[in-house]
Amino acid sequence: MSSFLELLKDSGVSARLTFSNSLLQKEHLDDPLCNKLCALLNDPNGHNGVIVHSDLLKDYLLEKYPYLELISSTTKVLLDDASLKEELAKKEFKYVVPDFRYNKRLDFFSSLNEESKDKVELLINECCYIGCKERKECYKNVSEKALGLNTRDHICKAPFGNEGYVFSRAMENPTFVSVSDIKETYLPLGISNFKIEGRGLGSALVFEMLLYYLVKPECQLKVREAVYLDANLDLF
């Protein structure tokens with residue numbers, strides 16, 4: 001683990017932990033593995049961070065691991081301008097990830113001061129149905145299961161909700177932020193932080209998303225060839 005962190009540091013890449021459970025209690029703060037990970041990332045010379053939802057956890061991390069950057073989780077599902085502006089104004093957060101339905105609210109982002117714009121981090125490839133009214137309940141169900149609570153599965157009622165994540169469908173989502181959107185709209189507006197969803201998905205799908213966002217189109221095939229395409233590969 002330490003060698004991996006050194007590699008990240010040498011490459012100028014920060015590491016993040018996702019501790020966005022909304023139902024944490026005081027007894028959960030003593031989790032030995034999570035504390036060990038926080039201690040490893042608590043580097044005064046780095047920019048490692050933790051994505052948080054719980055205020056209880058936020059205050060604990062600020063006190064015990066002061067060098068970790070805190071990121072306000074999109075799981076808070078803040079859907080009104082006043083609440084989101086209030087979140088962006090909180091000094092303890094380095095970044096705030098708005099609900100994906102704010103992605104095309106250019107009027108809102110234009111109204112922010114430079115400090116707040118620098119804290120916005122857009123979730124750019126969400127596949128969830130834009131009209132979903134149960135997003136908070138879905139996140140709550142994930143939190144309950146992570147804590148081992150006896151709870152029913154949340155059944156997604158949205159169109160295509162039973163099919164899981166499909167990148168091509170995410171690209172058709174009205175909230176999708178394309179590479180051209182980033183270059184032509186958001187960067188000139190002062191929004192420069194973007195979050196790619198997909199850490200729990202298969203590596204091939206994550207690879208395709210990274211290719212789309214990080215590699216020039218004319219170089220994508222060359223990267224695929226270098227990584228996994230082979231003249232001897234026969235899928236049929």
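A residue is called buried if its relative accessible area is under 20%, exposed if over 50%, and partly exposed in between, with a 1.4 Å probe and protein chains only. The model is predicted: local features need pLDDT of at least 70, side-chain atom pairs count only at pLDDT 80 or more, and totals for chains, interfaces and linings use all residues. Residues are numbered from 1 along each chain as its sequence is written, and side-chain values use heavy atoms, with hydrogens and water left out.

**Aromatic rings**

- Rings of Phe, Tyr and Trp (its six-membered ring) pair if their centres lie within 6.5 Å; planes under 30 degrees apart count as stacked, over 60 as edge-to-face and the rest as tilted.
- The whole structure holds 10 aromatic pairs.
- One of them joins F167 and F176 edge-to-face, at 6.3 Å centre to centre and 65° between the planes.
- F207 and Y228 also form an edge-to-face pair, because their ring centres are 5.7 Å apart and their planes stand at 70°.
- F207 is buried, with a relative accessible area of 18%, whereas Y228 is partly exposed at 41%.
- A single aromatic cluster contains F167, F176, Y212 and Y213.

**A charge over a ring**

- R169 lies over the face of F160, at 4.0 Å from the ring centre; this requires NZ of Lys or CZ of Arg within 6 Å of the ring centre and within 35 degrees of the ring normal.

**Residue N35**

- N35 counts as buried because its relative accessibility is 12%.
- Leaving aside residues up to four places away in sequence, N35 touches L29, D30, Y60, K64 and Y65, where contact means heavy atoms within 4.5 Å.
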